[in-house]
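Student: Before we discuss terminology, may I see the sequence and the structure?

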Amino acid sequence: MNGAYAPGASLAYPLDASYVHGENVRRGALAVRRAEEVVPVANAWMRAVDRANGSVVATLDWHPPDHCSFCKFGAKQSRRLDCVWGCEGTNGICVTGAGVPAAVFDSTGRCADAVSESDFQQSRYFQWPRHCVAGTFGSRFDPYLNVPERAVRVHAGVEQSEDSYSAFGGRRIRADGTRGASLLEILRKKNAKRVFVLGLATDYVVKETLRELLKEEEVFDDDGYNATTMSGKEDGTSTVAKTKRRAFSAVLIAAGSRGVFDAPGSFYGSDPESLSGTTKRDLIALGVSVVGASSVEDAMRELCEGTCDDDHDCVDGDGGGGGAGKLDEKNCVDRGGPHKVCVPKPKVIAGVDARVFFSVALAGVLGIVVVAVTFRGEIVSYVSNRAKRKGPPTDFVVLVETDIEGSSELWETMSAAGLQDVMKDRIMGTHDEVLRRNMKKHYGYELFVRGDAFVVAFHEVKDALSWCLRVQLDLMASDWPEVLHDATAASERVWGTYEGLRVRMGVHCGVVDSATKHQGKLVYEGEVTRQVTRICDAGHGGAIIMSQATLPLPLMMPDDDVNYVTYDQGLHAVKDFSAPQRLKEVYPEKLMSRAVIDHKTGRKLDTETRLSPSFHDAPKGLVTMIYCHADGLGDLKKALAPAVVDAAIEIMAETLRACMQTHEGYDCRGHEKNGENMYVFKSYVNCALFAVEAQKKLHEAAWPKELIEHQRATDDAAQGKRVAGLRVKMGMHSGQLKRIRIPNEGLADYYGESANRAARVMSTATGGQVVCVASELEYFLDEHTGVRPKFVEDPIGTFQLKGIPGATALVQLALDEDMAALAARRFTEGKKATLITPGAHLQRVVHEAVRVARQNSKKKLGVRLESKARGWASNVRRRMSLRESNSGGAAPEEASGERCGGSEPATVGAVGAGLSGSNGFGSGSPAKAAAAAAAKFP
């Protein structure tokens with residue numbers, strides 16, 4: 001309440017009890033991490049604007065109470081969600097879409113704008129918790145944000161049926177409630193030319209606002225007069241020649257920006273691997289200048305003087321590389337800021353005209369700050385691509401190698417027909433021209449041509465990928481000789497999919513050992529040059545294969561007209577690589593049918609060994625999902641050095657990966673190693689075996705000694721011995737899940753009730769423990785054929801899991817008694833799980849390995865289902881009977897019979913006794929439970 005996060009700021013309005021929590025200002029329903037750090041930066045910029053007699057335009061979200069972007073549920077407002085995060089509570093975000101059942105998501109009231117409709121059709125439609133409702137505390141500015149009195153306020157998101165991810169969707173609201181001028185109209189009226197942007201939601205509102213800024217154009221006639229607002233037609237009938245140019249230039253103030261999905265503890269200017277960090281790189285490619293300094297003075301100096309890496313970057317001229325300036329005119333100096341700056345040696349840069357106009361727009365919760373500046377003098381632009389123009393990279397390099405599929409056979413075929421000249425001049429000539437056509441635009445440098453294979457160097461992955469996409473489209477659209485079509489299998493014409501030569505492309509990056517010039521060309525030495533050949537050779541003609549080193553792929557491309565689709569190809573053992581590689585297959589969106597054809601024809605990547613399924617082979621339908629999260633990772637990051645934590649996460653990821661591959665699982669998180677893993681299995685038993693074996697391997701792994709010593713010093717001895725190393729909690733659940741493709745990653749993702757339930761089951765686990773639903777385990781063991789696994793099953797208790805009706809009986813699984821003792825039937829209670837009946841007093845079940853043959857294999861399906869339903873109902877009645885007989889507190893009796901081929905009395909009755917009358921999937925009578933089970937598992 002004292003505004004310590006905004007030094008020197010005054011309280012903008014009184015704070016009553018509903019606005020505070022303890023000594024702190026209450027956070028909004030969709031608060032962004034570390035958003036309070038933006039307030040002093042924004043205050044400094046607005047203060048500078050006001051003192052310069054400028055104008056401030058402040059924007060904020062202003063939603064109606066039932067805005068279309070708020071989370072919606074299905075029929076009768078059922079609190080069932082088809083996403084992992086959920087829509088209740090702070091930071092609850094729900095991803096829905098066309099593929100989500102109507103019972104889960106009511107799509108009739110969704111937002112009708114173009115962006116929302118596109119996201120909905122691709123099942124990536126974001127819904128947000130109720131936030132920024134007009135007139136509430138959540139829609140107001142931060143109480144210590146000192147917006148000048150004369151500021152113009154622009155409200156965004158005011159329309160009931162439309163969402164706006166840009167400040168340009170906002171308008172003034174007059175005192176009578178009517179709509180006034182839009183932000184664009186305000187900027188044009190003020191004649192703003194340079195726009196400074198800062199604020200929250202960098203990966204959404206800030207990004208889209210900057211992109212729209214750069215799309216605005218002005219029209220000028222040949223005499224230089226602005227014809228943008230001239231009356232009359234612009235249909236080509238005018239005799240006055242006109243040209244277009246951008247209406248605004250844009251600058252992002254990184255120190256005052258935060259993203260919704262930034263990595264914990266990061267901010268936009270410092271963490272390039274966060275989502276908004278990658279947004280920063282993409283915006284630079286579009287022409288946005290970025291300043292990193294916190295103070296206005298340093299940021300303006302950074303913009304005017306230019307940033308640099310060395311003195312060569314300070315040469316005046318186009319791009320800084322080949323201009324007329326002299327090298328000794330400026331020095332590249334480290335002033336302690338986020339970047340080095342170019343500083344004149346003896347001279348002072350001519351001052352900029354003092355008349356400055358700023359227009360600042362700041363959003364409340366999902367808003368931004370926009371500062372528009374008009375300069376009468378010329379300011380040296382921040383040239384983001386300056387280093388690329390100087391020449392090919394000499395240290396870190398992105399390589400692309402191409403190859404024509406079936407070229408040898410095609411040469412032989414054309415030669416046999418006497419068409420060597422056609423092959424050489426027209427076919428290969430067209431191929432070479434297409435590949436070279438766009439190299440300069442994407443800062444590509446042709447290194448050499450080996451046969452028909454090109455090797456091209458780039459500075460950045462996005463440039464390399466953009467070039468590859470453009471080449472594939474241009475090859476498809478080229479005017480190929482008719483004799484080429486269907487000459488060989490590799491030149492077969494498939495309308496709309498393949499036309500002409502089929503060129504495979506591989507993209508890889510890394511640091512080269514050396515870069516030397518030879519006969520005017522740069523020659524690289526190092527393993528990266530050999531590895532890119534292996535990546536190229538793995539693909540098919542017409543496909544682009546991206547190596548693991550190039551991930552994650554850019555969200556935005558320099559060529560906005562070339563959208564692309566990605567398909568994860570899983571892990572592969574690739575020659576010349578010491579570790580398994582996760583490969584991605586990329587196509588231009590217009591040619592995505594190539595992926596379908598290749599999958600249907602059974603074409604596989606040409607690598608040494610495939611280690612995990614591709615997207616196309618990921619499990620579908622009835623699957624088992626398991627979450628594996630490192631417990632207490634946040635506390636470890638505070639206590640241990642980052643290198644120690646990173647090494648531990650690496651060990652965890654590789655251990656889980658190896659066990660997953662053994663049991664034919666699918667990794668839904670790909671290359672990410674952040675302590676949160678999700679796997680899907682076709683077989684429930686395989687999933688259980690993966691979990692218990694992985695816990696054993698994790699316990700036995702060689703962990704960093706700093707981690708082990710920290711655990712010894714902080715573990716509570718009263719709780720007994722714990723597993724060693726990173727303690728991973730696991731929760732699993734089975735059911736029908738919808739498989740979709742994550743657009744940018746190409747990975748399979750899953751939606752459905754069981755995904756939510758698996759997360760709830762995991763929430764009860766502690767580090768080193770595997771938890772599953774008791775009745776689900778029993779069912780799948782009964783259905784399992786072949787060798788029934790050996791492991792230890794310990795009842796934990798019955799729980800009320802959030803969002804799941806009825807009580808759920810949970811058990812702990814372990815590979816052996818020693819691992820079971822380390823897990824010790826612990827459990828976690830919280831908002832997502834509440835204990836109803838403890839199960840610590842119930843007997844353990846030891847499953848012995850035994851081969852089981854499927855019974856009644858010759859019976860009809862209907863007979864099997866009827867038998868299954870009767871058996872399930874009988875089992876549930878037996879459990880309920882035992883539960884009732886022990887209601888007085890007596891020890892549960894053992895059920896008669898044997899289990900798993902052992903000679904000891906089966907303890908299945910004891911497991912169920914005292915836990916619940918539930919069947920493990922919800923409450924209800926035994927008959928209903930039997931019917932539900934038979935329907936769920938046909």
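Tutor: V623 stands opposite G735 in strand β33. This is a predicted model, in which local features need pLDDT of at least 70, side-chain atom pairs count only at pLDDT 80 or more, and totals for chains, interfaces and linings use all residues. Residues are numbered from 1 along each chain as its sequence is written, and side-chain values use heavy atoms, with hydrogens and water left out.

Student: What makes β33 a strand that is mostly covered?

Tutor: Of the 14 residues in β33 (728-741), 11 are buried. Buried means under 20% relative accessible area, with a 1.4 Å probe and protein chains only. A strand is a DSSP run of E with at least two residues, numbered from the N terminus.

Student: How do you know that β33 and β35 pair?

Tutor: Two strands pair if DSSP finds at least two bridges between them. β33 and β35 (residues 770-773) have 2 bridges, in the parallel sense, and M730 stands opposite V770 in β35. β30 (residues 621-630) pairs with β33 over 10 bridges, in the antiparallel sense.

Student: Why is α8 called oblique to α9?

Tutor: The axes of helix α8 (residues 407-416) and helix α9 (residues 420-437) cross at roughly 130 degrees and come within 7 Å. Angles under 35 degrees count as roughly parallel, over 145 as roughly antiparallel, 65 to 115 as roughly perpendicular and the rest as oblique; axes are lines fitted to C-alpha atoms over the stretch in contact, with angles from 0 to 180 degrees between N-to-C directions. Therefore α8 is oblique to α9. Helices are DSSP runs of H or I with at least four residues.

Conventions:
Buried means under 20% relative accessible area, exposed over 50%, partly exposed in between (1.4 Å probe, protein chains only).
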